[in-house]
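Could you walk me through this model in my viewer, one selection at a time? I'd like to know what to click on next and what I'll find there.

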Amino acid sequence: SPFFARFLQGKSTNEQEFVIHSVSLQAFAALLNILNGVNNSISEENVESLLHVAERFHFQVITDVAEEFLMNSEKCSVHRKMRIADSYKLTKIMVSLLPLYSKGRLIVELIDSGEFSLLSEDLKATLLLNHKKAAMGENEKKKTIRKRKLAALIDCNNNKRTRQ
C-alpha cells in the first residue's frame, strides 16, 4: 500500500506500535487475511467495511478482490451492488449493472428503495437519463408497430375495395 510505504519510511525499526483509528478489528483482520491469500475472509457483511479500509489506506488489491466478490455475489441485491459501486467507484460493476436499469421495473424498485437516496447525483442522473432513453426507444418501437399495423389494415381495406 502506498499509504503504509510512506508511513513506514519515516519510522525507525524500534517503533513497534501503530494506532489505526476508525477501523474495526474485524475489517482490518479480514484485510490482512486477504493480503495473505485467505480470500474467504470477504463476505456480504464485511465487504463495505473492507472497501472503506482499502480506500483509506490505498490497497487497490483489496478493492479489486471486493469488486470481484460483488460481481459474483448472488446474495447481494442489484441495488446494493450499485450503491456500493457508486460509493467506491467500482467501474466494472457500474458498467455491468447500468443496462439493467433501463428496464422500467428495476428503476422503479431502486427509486422506491432506500438505496436510491444514497447514490451520487451523477449516478442518479445517468440512471434516469438511460431509463428515459430506453422508454423513448420503446415508445418509438410501439409507434412504428402501430403505423405498420394501420398501414396493413388500410392496404387490406383498399384491396377489398378494388376486388369489389
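Start by selecting the aromatic rings: this is a predicted model, and the count of aromatic pairs in it is 0. For a pair to count, the ring centres must lie within 6.5 Å.

The largest nonpolar core is made of 35 residues. Now colour by helix: H2 (25–35), H3 (47–57), H4 (60–72), H5 (78–88), H6 (91–97), H7 (104–112) and H8 (121–163) each contribute at least two residues to the core. Which helix gives the most to this core? That is H3, with 6 residues.

Zoom in on Leu 90 and show its surroundings. Leaving out residues up to four places away in sequence, Leu 90 touches Leu 51, Thr 63, Glu 67, Leu 70, Ile 84 and Ala 85.

From there, step back to Lys 89, in the loop between H5 and H6. Lys 89 is not a glycine, yet its phi is positive, at about 55°. Is its side of the story buried or exposed? Lys 89 is exposed, with a relative accessible area of 58%.

For the last stop, select His 58 in the loop between H3 and H4. His 58 is another non-glycine residue with a positive phi, about 60°, and it is partly exposed, with a relative accessible area of 42%.

Key:
Residues numbered from 1 in each chain as written. Predicted model: local features only at pLDDT ≥ 70, side-chain atom pairs only at ≥ 80, totals over all residues. Heavy atoms only, no water. Phe/Tyr/Trp six-rings, centres within 6.5 Å; stacked < 30°, edge-to-face > 60°. Core = buried A, V, L, I, M, F, W, Y, C linked by side-chain atoms within 4.5 Å. Buried < 20%, exposed > 50% of the residue type's maximum accessible area, 1.4 Å probe, protein only. Helix = DSSP H or I, 4+ residues; strand = E, 2+ residues; numbered from the N terminus. Contact = heavy atoms within 4.5 Å.
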